[in-house]
4 protein chains.
Amino acid sequence: MGKAHSNGWRQAPRFFSLAADIRMATICGRDRAMTRRAAQKFGWATTTTDWRTTMTDPAIDVVDICTPNDSHAEIAIAAARSGKAILCEKPLARDRREAHLMVNAVQRARVVNMVCHNYRRVPAVALAKQMIDAGEIGDRIYHFRGRYAQDWIADKKFPLVWRLQSPIAGSGVIGDLGAHVIDLARHLVGEVDDICATSETFVKRRPREKNRRGYGKVDVDDAVTVIGKFRRGAMLSLEATRFARGRKNQLTFEIDGSGGSLLFDLEQMNRLQFLSASDPIGRQGFRDILVTEPSHPYVGNWWPPGHVIGYEHSFVHTIADFVNAVIARKRVRPDFADGLETQRVLEAIVRSARGRRWIAL
Amino acid sequence: MGKAHSNGWRQAPRFFSLAADIRMATICGRDRAMTRRAAQKFGWATTTTDWRTTMTDPAIDVVDICTPNDSHAEIAIAAARSGKAILCEKPLARDRREAHLMVNAVQRARVVNMVCHNYRRVPAVALAKQMIDAGEIGDRIYHFRGRYAQDWIADKKFPLVWRLQSPIAGSGVIGDLGAHVIDLARHLVGEVDDICATSETFVKRRPREKNRRGYGKVDVDDAVTVIGKFRRGAMLSLEATRFARGRKNQLTFEIDGSGGSLLFDLEQMNRLQFLSASDPIGRQGFRDILVTEPSHPYVGNWWPPGHVIGYEHSFVHTIADFVNAVIARKRVRPDFADGLETQRVLEAIVRSARGRRWIAL
Amino acid sequence: MGKAHSNGWRQAPRFFSLAADIRMATICGRDRAMTRRAAQKFGWATTTTDWRTTMTDPAIDVVDICTPNDSHAEIAIAAARSGKAILCEKPLARDRREAHLMVNAVQRARVVNMVCHNYRRVPAVALAKQMIDAGEIGDRIYHFRGRYAQDWIADKKFPLVWRLQSPIAGSGVIGDLGAHVIDLARHLVGEVDDICATSETFVKRRPREKNRRGYGKVDVDDAVTVIGKFRRGAMLSLEATRFARGRKNQLTFEIDGSGGSLLFDLEQMNRLQFLSASDPIGRQGFRDILVTEPSHPYVGNWWPPGHVIGYEHSFVHTIADFVNAVIARKRVRPDFADGLETQRVLEAIVRSARGRRWIAL
Amino acid sequence: MGKAHSNGWRQAPRFFSLAADIRMATICGRDRAMTRRAAQKFGWATTTTDWRTTMTDPAIDVVDICTPNDSHAEIAIAAARSGKAILCEKPLARDRREAHLMVNAVQRARVVNMVCHNYRRVPAVALAKQMIDAGEIGDRIYHFRGRYAQDWIADKKFPLVWRLQSPIAGSGVIGDLGAHVIDLARHLVGEVDDICATSETFVKRRPREKNRRGYGKVDVDDAVTVIGKFRRGAMLSLEATRFARGRKNQLTFEIDGSGGSLLFDLEQMNRLQFLSASDPIGRQGFRDILVTEPSHPYVGNWWPPGHVIGYEHSFVHTIADFVNAVIARKRVRPDFADGLETQRVLEAIVRSARGRRWIAL
C-alpha cells in the first residue's frame, strides 16, 4: 500500500491541476533501514520510526495512514487533534466503536478527512455514478449485485499466512474484499436497510509457514455471501471469496434500473457495459464503453482516447481530489462518516452470519 | 411449450438413434379448432379435447404433459395407472403434496417418468456435468452461483398478464425461473442443505389488460435472491428476476472447484468457459470452449464442428434420452423424484422469504 | 448437405407461413441402399438413383441440387428446361462458363432460381442488411473486412482427403470458404471493383488415406488473402483459411461506415455488434445485440426473446423464402445471376493469386 | 509524447532495478515559456531551446528524441557523434535514406541506440514473444494478421489538421499506425519477404482549421490494407485505418501457428488469448490470460496479480531496458537497424500502393 500511495502523491501533481504544491515530507516505518530504502525508492524527503514526531511538525499538513488496521484509530485521532488533514486506508477501523471515535475526532477538529476507497475513482466507476445520478438507467434501481473474487488461497496447500489468522488479520474476506463492495454499493445505490449473510472457511487447517512444522487453524472466513435490501427498495446481492479459481481481482457489479443496466469488472477496469432501455428494442444490447474519452471522469488528464490506464491511477485520482478538498476546506467522499457507515454494514454481516438471521441497519 | 415439445418428437428420430419408432399419435387441447390447427402445424395424427380418452388408447405408450401446472398431477397419475411412460413439463406440480402423489403413482406403476428440465441436456451443460464428475475442476466444489434473469416486465407500464396473478400462475419467478436454477444446482453440485431467501415485487400495481380500465394488483414475486449451502459443503448463491434490463434469457452459472472453474450462459449456449488450475500459472485463463465437437455430448448428432445449435435442440435431446429409457425400462434423470426434491427446495425458498429465516432441507 | 436441406424442407412449413404445402417427393442418390436409408431418415417419400426421372415427373415443382459441384450445371439446365424451380447449393458452378449457361437456362425458362448462400438468412446477417439499407451505419461504407477461418487441416498429419485434391474438389478454401465471404460482401456492401490476392498451400504433402501407404500431393490452396475495392469506394479485405487453430467455423465480418460499425461472427450467430456514431461520444460502445426479438428478421417465427437458434435454421429461412418466391413467381436473391457474379470474383481471385497482379472486375 | 516519455523516465527507477541512477537533466523545446512549464510539470531540471547545447554537455549521457519526424536524423546523428546513447521515437526517420545515415552514425560511434516501439514491451506482447520463441504455438507460423484501427477522423466534418497534410505529417496511417504493426510483425514472426498494398483517402477535402474559411485538400492516406509473406512462409495481412467507428486505439494481432494461436488487442492490453492445440480437442478454447502474474514479463514489478497496468507503462519498460543496456553497453531491440528495416517495409508499402504491384523486400 505504501508503494501505491507514494506513487499517487508523486504522480498527482504531474497529471492533475492541484490547488497546492505537493511536498513528500516524511515516511514513517518501524524498521529504520527498510524505511530509508522505501523513502529513497518511493521519493520521500525524510524518514522517521516514530509517527508521533510528524504530528508536531508544522510543515506537515496532511497525514496519509497506510498502517495495519490496529493503528488507524490512534494515529488518526492524534492527527485530527494536531489539525492535520487525514487520508486513511480502508477499512477505517477495526470496529464500529473505533470508527466512531475517529469520526468524532475529525468532526471536532474540523479537519478534512477521507477513507481511501480508491475504486470509487476508477473512471468507469465514476462514470457509472454520473450516469445513475443523471437517471440514465432510470428513476429506480432494482438490483445491485456485487462480487469480489480472488483465488490466491484456493489451493489447500497454501500456507497459513498472517492474513488467515484472526488475531493479526482481524477478519478474512468480509473486511478485506467485502468492504470494497459495500462502499461501492452505498456510493452507487444508497444506504443498506437490512441484510442476511453466511460465511464459510473452506480449508480449516493449513500448513504453517516457513520452517515451522505441522498444520495450524485458519480462523477467518474464506468466503461470504449476502442478500439484503437498500432503503430505496433495491435488492442487494453480494459475494466475496478467495476461492474462485481464475479470478485474480474480480471486483464486479451489475446494477439493474428501470431504464437500463450497468456492468463493471475491475479486471477490465477501462470498460463499462451499459444497456439503455431507451434504445429501440431491436437495437438494444450492452454497449461496451471504453472509458477513455476526454469527457469521461479523470481519464482526460492522462492519454488520448483508447489509451488505457491501470490500477494505481485510482490512487492518483483519490489523492488529487483529496488535496483539492483540503485546500478548499470542503467535504470529500468517502469520508470517515462513510467509513463508519460501511463498518456498520460489515459488522452486521458478521453478526448475521454468526446468528444465522436477518439484521436491520 | 407444445410447439417446442412437438418439434422435439418430430426431430428426435431424424438425428438420434432411437430404440423405437416414434408415432405422433394424438394432441389434446381444450379448443377443438385450435387443437386441430396445432395438430396440422406440429405434425400430430389425431386430436382430442378430452385427455382421458388417450389413457385408454392401447396404441399410446407415452404421455407428454405440457398443460398448465394445475393439471399435471391429475393427468400424470391417470397416465401412471394406465401404464404409460410419462414426460412432464416442469415444475412437476403445484406443491410438494401433489408431487408426492405423482412420485407414488409412477413408482407403484413402475412406469418410466421424467421431468422436462431440458437445460440439463444443452451440450455445454452436459459437458460441465461430465467434467465435474471426472474431477476436472477438482475433488471439491466451493461455490455454485446461479442466475436466471429476464427483463420482460421491467417496464412498469407492462400490463397485468395472467403470469403476474397468483391464482392463475401459482408463483412468479421462483417457480418459473428459479426451478431451472435449482434443478441445475442439484444436477451439477448435489443436494441442497439449507437456504435463506428474500423476494420482492417491485411493481405492485399494473394496468389491466386489453379493454379493462384501471390498475390491478400484482401478487407474485418479481425477483428472488437466495443464499445457502449444499450438503457437501459448497456455498449456494441464486438469483431469479424479471427486472434485469438487457437480460433476455440469461440462465447462467459459475462453479468454482478446488481444481478449476466453469461458467455457462444460456444466451451463449454453445459455449462453456473452463479454467483449469492444472495449467501452468502463467498460462491459466478461462478457456472459451465451443461445444460443437463430435466428442461433446449430443452435438455430434447434428452438424460439423463450429456449427452451433439452438434452444429447441435441448428438447430433442431430452426426448431422445427419454424414448431410449422407456424402451430399456431404465431410470432417466431428472425423474419425478427429482422433481419432488426440486419442489421441496422451491417451497423452502418461499417459506424462507416469507418467514425471513433460514430453512433446513 | 442433404441432411441440412432435408431438415429445411421438413421444418419450413412448421414454423413459417408458406404459400404452398410442401411435399417431400423424391430423393436421388447414386447408391440405392444408402439413398433409401437417407429417404427414411430424412423424410422423403420415394427414391431414385437416376435424377433424370424426376425431371419428367409432373408432380415435382422444385428441384434442390445438393450434388457435388461437377453436376450442378447439367442438373440445373435440365431442370430449367423442364420448368422446375431450382434451389442450387453453392458454389453455383465449377467455372464462369458453366455458371453462364445456367443463368441463360433459367432466364430462358423463366423459372425461379436461387443459390443456397444460407448465411444471408442468419437473422443477425439479415438484420445487418436492414440496418445498412436504412443508413444506420451512415451513408457511406469505408471498410468491409471478412474472414472465414477453420482449423480442420492445421495438423500436418491430417490425411490427404478428397477435398485436398484438385481433380475432385476443384479448389480449396477459395471456392469453399471464400465463396461465402464474397456473397456476403456483395450482399451487404455491393459489387466488387478490383482485387489482388495471394494464396498458399502450407502443407504440400500429406499421408494418403486409409490403407494406402506414403504421401501424396496437396494441390489446392490452404489459405487465401485478398485486398480490393468495391465500386462504391469501400475497401475490401478478405481472408479464408483452414489453418487457424481454434477457429472452427469463424465466418466473421466487420463493416465500418461513416455513421457506425457492424460486427458479426458465425460462431456467435445469434449476436450482432453495433456501434452507432449517433450515440453521444461518451456513451458510445459496441452494442452486443442478441438477435432474438420478434422485430428481428426470421427469428420471431421460432421462440421467445433470448432463446437462440442454430446453424440449420438458416436453411429453413432460405427454403421458406424460396418457396414463397416460387409461388409468387418473383425473383429471390441470391439467384443464379448472383451466383455467376460471385463466381466471377472467385475466378478473379484465383487469377490474381496466380499472376501476382491486380484484376479488375 | 514528451508527457509519456517524461513519465517513463520518472517512473522507471521507482519500479525497476536500474543499473544507474536517472537524472532528468534538460528538456528542449522551441518555445521558452512552454518548455519551462513542461519542465516543471514533467520533472526536468533545466530547459533549453537549442538542442545543440545538450550535445556538448558532458553530464548528459542519454538523448531521448521526441521531436517531429523531420528532425530525428539531424539530432540523432549529432548525438551519436557526441557519444550519447539514443532513444528515438518512431518512426525512426522520414525515409530510408535518412534511416541509413542514422544507422551508420550509431554504428560508427558505437553508442547504444533504440527506437521507441513501446508496444513490444506491453507485458502481453512480451509474453506472446516468449511463447512463440518457446514453441508454444508450434514450430511453424501460418498467419500473422495485424490491424491498427482508430476513428478520430471518421467524421467528414473533422477539420484539416496538420496530421492530414503531407508536407507536415509526411504520411498518414502507414507511418503513424502501420509502423507499429510492422514492428510487431517483424518482432513476433520475422522478416517480411514481399508485400502488395492499397491505400485510400476517403475524405479528400476537409474544412480548414480555426478561423480559416473553406476547404483544403487531404493529401495523406486514411487507410491502407496489405497482404504479403514472411521469409519463413507465414502469410501477412495488415490493415491500418482512421475510419473504423468505435475503434479508439485498436492495435490487434492474431498469430496462427501449427500448434496454437495467439490474439492480442491493445484496448485490452492486460490480456492475451491463447489457444493451445496440445489441449485435448474437447477441452480446447481460447484461454483468456490475464497477464498480471509475477511470472509474466515486466508486470511483477508493479502490483499483485489481477491488478492491471496501462498505456504509459510500456514506456517505463522500454526506458528501463534501454537504461540497463546503456550501462551494460549491450544491444537492445528494436534498435536503429530495426527502425531501418521497418522503414524499408513501410516504403515498400507506399510504392506498392502507388504502383499497384507486388514489391519484394
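Which residues of chains A and B are linked in a network of salt bridges? Arg145(A), Glu254(A), Asp256(A), Arg147(B), Glu239(B) and Arg247(B) are linked in this way, a salt bridge being a side-chain nitrogen of Lys or Arg within 4 Å of a carboxyl oxygen of Asp or Glu. Side chains of opposite charge can pair when their charged atoms come close. A search of the whole structure finds 125 salt bridges over all chains.

This is a predicted model, in which local features need pLDDT of at least 70 and side-chain atom pairs count only at pLDDT 80 or more, whereas totals for chains, interfaces and linings use all residues. Residues are numbered from 1 along each chain as its sequence is written, chains are lettered from A and ligands numbered from 1 in the order in which they are written, and side-chain values use heavy atoms, with hydrogens and water left out.

**The interface of chain A and chain D**

- Chain A contributes 34 residues to the contact, and chain D contributes 34 residues; contact means heavy atoms within 4.5 Å.
- About 2,900 Å² is buried between chain A and chain D, with 50% of it on carbon and sulfur atoms. Buried area is the accessible area (1.4 Å probe) that two parts lose on being put together, summed over both.
- Four salt bridges are counted between chain A and chain D. In one salt bridge, the side chain of Lys248(D) meets that of Glu293(A) at 3.8 Å, N to O.
- There are 26 residue pairs in polar contact across the interface of chain A and chain D, both residues being at pLDDT 80 or more. A polar contact is a pair of N or O atoms within 3.5 Å; within protein, one must be able to donate a hydrogen and the other to accept it, and residues adjacent in sequence count only if both atoms are side-chain atoms.
- On the side of chain A that touches chain D, the elements that give two or more residues are helix 1 (2-15) and helix 2 (32-42) of chain A. Helix 1 of chain A gives the most, with eight residues. Helices (H or I, at least four residues) and strands (E, at least two) are DSSP runs, numbered from the N terminus.
- By class, this side of chain A has 14 nonpolar, eleven polar and nine charged residues. Ala, Val, Leu, Ile, Met, Phe, Trp, Tyr, Cys and Pro count as nonpolar, Asp, Glu, Lys and Arg as charged, and the others, Gly among them, as polar.

**The interface of chain D and chain C**

- In this interface, 49 residues of chain D are in contact with 49 residues of chain C.
- Chain D and chain C bury about 3,800 Å² between them, and carbon and sulfur atoms give 51% of that area. Phe202(D), Arg245(D) and Trp358(D) supply 18% of the area that chain D buries against chain C, more than any other three residues.
- Twelve salt bridges are found across the interface of chain D and chain C. One of them joins the side chains of Arg356(D) and Asp194(C) at 2.8 Å, N to O.
- Polar contacts across the interface of chain D and chain C number 26 residue pairs, both residues being at pLDDT 80 or more.
- Elements that give two or more residues to the side of chain D that touches chain C include strand 7 (192-200), strand 10 (223-230) and strand 12 (250-257) of chain D.
- By class, the side of chain D that touches chain C has 19 nonpolar, 14 polar and 16 charged residues.

**Symmetry between copies**

- Chain A is superposed on chain D by a rotation of 180° with 0.0 Å of shift along its axis (RMSD 0.1 Å). The two copies are therefore related as by a two-fold rotation axis. Superposition is by least squares on the C-alpha atoms of residues with pLDDT of at least 70 in both copies.
- Gly310(A) has the C-alpha nearest the axis in chain A, 2.2 Å from it.
- The same surface serves both copies, as 100% of the contact residues of chain A recur in chain D.
- Chain D is superposed on chain C by a rotation of 180° with 0.0 Å of shift along its axis (RMSD 0.0 Å). In chain D, Arg357(D) has the C-alpha nearest that axis, 3.1 Å from it.

**Salt bridges within a chain**

- Glu239(D) and Arg147(D) form a salt bridge, with their closest N and O atoms 3.2 Å apart. Glu239(D) lies in strand 11 (residues 235-241) and Arg147(D) in strand 6 (residues 141-149) of chain D, so the pair ties together parts that are 92 residues apart in sequence. Both Glu239(D) and Arg147(D) are buried, where buried means under 20% relative accessible area, exposed over 50%, and partly exposed in between (1.4 Å probe, protein chains only).
- Asp338(D) forms a salt bridge with Arg333(D), and the closest N and O atoms are 2.6 Å apart. Asp338(D) counts as buried at 2% relative accessibility, whereas Arg333(D) is partly exposed at 37%.
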